[in-house]
Amino acid sequence: MISKIMSFALCGLDGVPVEAETDINSGLPSYELVGLPDAAVKESRERVRSAIKNTGRKFPVQKITVNLAPADLRKEGAYFDLAIAIGILKASEQLAGADCGGIVFLGELSLGGALRPVAGILPLLIAAKARGFTTFVIPAANAREASYIEGVTTYAAPSLGAVLDHLTGIVPLAPVAASSYRAAQAQYRADLSFVRGQPVAKRAAEVAVSGGHNLLLVGPPGTGKTMLARCLPTIMPDMTFDEALEVTKIHSVAGVLGGEGIVAERPFRTPHHTATTVSMCGGGSHGVRPGEISLAHNGVLFLDEMPEYHRATLEALRQPLEDGCITVTRSGGAVTFPANFMLCASMNPCPCGNYGSADRVCTCTPAAIRKYRDRISGPLLDRIDIRVEVDSVRYDDLTSAAREESSAAVKARVERARAVQRERFAGTGLRVNADMGERELRQHCALSPEGDGILRLSFERLRLSARARARILKVARTIADLAESRDIRPEHVLEAVSYRQSDGDA
Amino acid sequence: MPYTKEERSAIWLDSFGIDYARKAKLLASHTPYALASQFLSLRGEICAAVGEERCAAMEASLRSAQYYGALERSYAEKGIACVTYFSEGYPEALRDIPDPPLVLYCRGDVSLLGRRKFSIVGSRHTSPHILRLTERYARELSKAFVIVSGIADGGDAAALSGALERGGAIAVLAYGFDFVYPECNAALLRKVEERGLAVTEYLPHEEPRGFRFPARNRILAALGEGVLVVSGGMKSGTRSTAEHAYQYGRDVFAFPYAPGVSSGAGCNALLKQYAKLVDDLVDIAAVFGINLTETEEISLTDAERAVFAAVREGEAHITEICAKSGLDALQVNPVLTMLEMKNLIVACGGNRYAALK
């Protein structure tokens, strides 16, 4: 007899339907698994065999053939264990009366018959729902994640035995209760009010987040660059449900989803400087997995001590910074992951870290400093609109009782500035000022003669490059938006000039 | 202009890379032309001074019809003009030192050698504040002088680039024209060759070596009517330049530094001995009887005036400037940028600022 059970395979961030067909014939006892399975899928034979036995059912001593269709799609991971087990039981007529049609089964089996969670449940269920499936059986540990999908019936089972009891109607499972998304559930541990002093850097962070500009923090070690960077997500507008879902999908596929089920906080990723290009951009030999830049989607990618990163890894960031997504091509096919992140980088002012320090002497030669700064290529620096110096904090600042502004207050201003930009760019596909091209600059960043004079002077005196002009204009536009001013006023241009790249190497 | 026979002989003699002391010994009793024209009769003397091997090479070069022509052509191809001790354009300032270079290999505007010159030197370790100050001094002094400096990173480079903004600049190199050192100043050196003058006493193929720099410093010191030392530690090469300048009877000037600033300890040591303290352009202008008053009128707003006054009290962090000027950081930041653009203050890194006047 032949049985057909539905499951889904992960392909990038999308799910592809996979049908587990099981045929049991008389003949020498054997167990064949076909349909381009990878090692983890092949090994499911042993897991399925033990799980069935330890659930108190009989593993048929006959010739068993399992086909995972479509046959030309490479199957990876342990998603199909449950579907195969149900298929074998169904084909060996041990599930008489149970109707498995239209149900999607997902889950990995342990030898004892328990269901283990799998990565990527959310994108799989979303894909299945899009293809008209509405009933799912998934591992209990994935229930939270699945509860955010509306209009479907999801059963979360702890074990194979529970699934069988449910299917045969002995002990029906209750469907997973739907959770609703509340943006306010975001709980950040960092807050801007914990950052003492640094008025200029804090302001730069506010401007950067408002206009979607990338940010470079320059300062000696131990001055709170990381602390400030950690506050960036806390002043970004709350994620909408769609944004949160997108982030959750990526985190689900990468298997880094916490117990919350949905990612409500904007991600803050800090890959170590030894990170490889693949870990940064995505890839891998066992299925294409999202990299750090995709995990930072809708959030912040923080590169601490940027010059220490591999040059090739940094250069690979250029295209995603421009396009907001990355296409990873492997022999198995090409996968596109979203990668719309804010880049925040930090670096020392010089190799010894004491350049510009009031009380410590910098021992670096100009050549050494230049070499250090040159480790970041011009084209990459071009994509960083704002550069600000974070200086050593004095003990008095650290201990002062002065009230610092909280993240919530800053966030309110950021949201107002974002609203202005939404209105401005309605229908253009742009989101924030940082996305503006030459045409939009001309349209939205007209300067008064006085403002133009300042910009001209800054080019002459501060030796700015032509490339710096567009950056300054964009940042000035954001500063004007924060001030709720329609026109870019001279003081806005001046502030934008102060966030330029240093010493004419812009 | 074709070279005279005396010049040609000097270029010929210099082309063998004979070290200075041996050259000086030969030239003490004979002119280069005499050495070339009476080579055979003087052979014994020359051989004793430079050794058999080199002597043979010199003899062979005199026998060869092509040697000198090829030499002159190769210099011309490299854009090198030679100014010899026997040339009209040889700077008088170099004639009164005990060890004048025989030939100056030049790229650029040779006429600059005949103008009034002033040397500015600084070490590689120079704070951003002093760098900007150096640029400004070089810019102002270049109204009256051609500024002479090395091409090292830091103080030297700042002096040259400041001078090039308005007037002439001479870079004195410690190596031949086949080399560029330091690499990072290649663009600056090119600019000097185009709009100013680069000179060296070394043959094109002679590479930068440690011992050539102190020797170069004597030319640097001698060329200028005075030397301004903008920075330098106790062991800095700027001290050797100053020492030469003092011995040649040139005026030595130095910026004063606060105690404990290692990049300026050498300057302070010079000030204790013979250098004149400079904290205003007038200090230099007065010595040479020149007038360097600035014509540029700079108008300031009230906020700018308040902030500038705060910065003038001494290098300060932005929070101190806020406290002194009574403005908050968000108001002060654009004002500081404006003052920076008006060349009144300089950012020293770490959100610290210093006044330039």
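Domain bounds here come from an automatic or database domain assignment. For chain B this gives domain 1 (1-77), domain 2 (110-288) and domain 3 (302-355). The model is predicted: local features need pLDDT of at least 70, side-chain atom pairs count only at pLDDT 80 or more, and totals for chains, interfaces and linings use all residues. Residues are numbered from 1 along each chain as its sequence is written, while chains are lettered from A and ligands numbered from 1 in the order in which they are written.

**Stop 1: chain B as a whole**

Select chain B and colour by secondary structure. Helices (H or I, at least four residues) and strands (E, at least two) are DSSP runs, numbered from the N terminus. Chain B comes to 17 helices and 12 strands. Its C-alpha trace spans about 85 × 40 × 35 Å along the principal axes. A residue is buried if 20 or more other C-beta atoms lie within 10 Å of its own, exposed if 12 or fewer, and partly exposed in between, with C-beta atoms placed from the backbone. By that rule 46% of the 357 residues of chain B are buried. Now colour domains 1 and 2 of chain B separately; their centres, taken over C-alpha atoms, are 32 Å apart.

**Stop 2: the sheet of chain B**

Show the strands of chain B. Nine of them form an open sheet with mixed pairing, in the order β1-β2-β6-β5-β4-β3-β7-β8-β9. Two strands count as paired if DSSP finds at least two bridges between them. At the edges are β1 (81-84) and β9 (276-277) of chain B, each with a single partner strand, so one side of each has no neighbour in the sheet.

Next select residues 146-149 and 169-172 of chain B. These are β4(B) and β5(B), which run parallel and are joined by three bridges. Which residue of β5(B) is the bridge partner of B:S149? The partner is B:A171.

Axes are lines fitted to C-alpha atoms, for helices over the stretch in contact, and angles run from 0 to 180 degrees between N-to-C directions. Then pick helix α1 (residues 5-14) of chain B, which lies across β1 and β2 (103-108) of chain B at about 105° to β1(B).

**Stop 3: where chain B meets chain A**

Two residues are in contact if their C-beta atoms, placed from the backbone, lie within 7 Å. The contact between the chains takes 24 residues from chain B and 26 residues from chain A. On the chain B side, select α16 (318-325), α17 (329-341) and β11 (345-349), the elements that give two or more residues. Of the chain B elements, α17(B) gives the most, with eight residues.

**Stop 4: chain A as a whole**

Select chain A, with its 21 helices and 18 strands. Its C-alpha atoms fill a box of roughly 90 × 50 × 45 Å along the principal axes. Buried residues make up 49% of the 506 residues in chain A. The domain assignment gives domain 1 (2-167) and domain 2 (185-404) of chain A, and their C-alpha centres lie 40 Å apart. Between them, 16 residues of domain 1 of chain A are in contact with 19 residues of domain 2 of chain A. On the domain 1 side, α4 (121-130) and α5 (143-146) of chain A each supply at least two residues. The largest share, three residues, comes from α4(A).

**Stop 5: a strand pair in chain A**

Select residues 135-139 and 153-157 of chain A. Strands β8(A) and β9(A) pair in the parallel sense over five bridges, and A:I138 stands opposite A:A156 in β9(A). Four of the five residues of β9(A) are buried, so this strand is largely enclosed by the rest of the structure.

**Stop 6: the nonpolar cores**

A nonpolar core is a set of buried Ala, Val, Leu, Ile, Met, Phe, Trp, Tyr and Cys residues joined through C-beta atoms within 7 Å. The largest has 160 residues, and those with the most contacts inside it are A:A85 and A:L106. Centre on A:A85: not counting residues up to four places away in sequence, A:A85 touches A:V48, A:A51, A:I52, A:L109 and A:L160.
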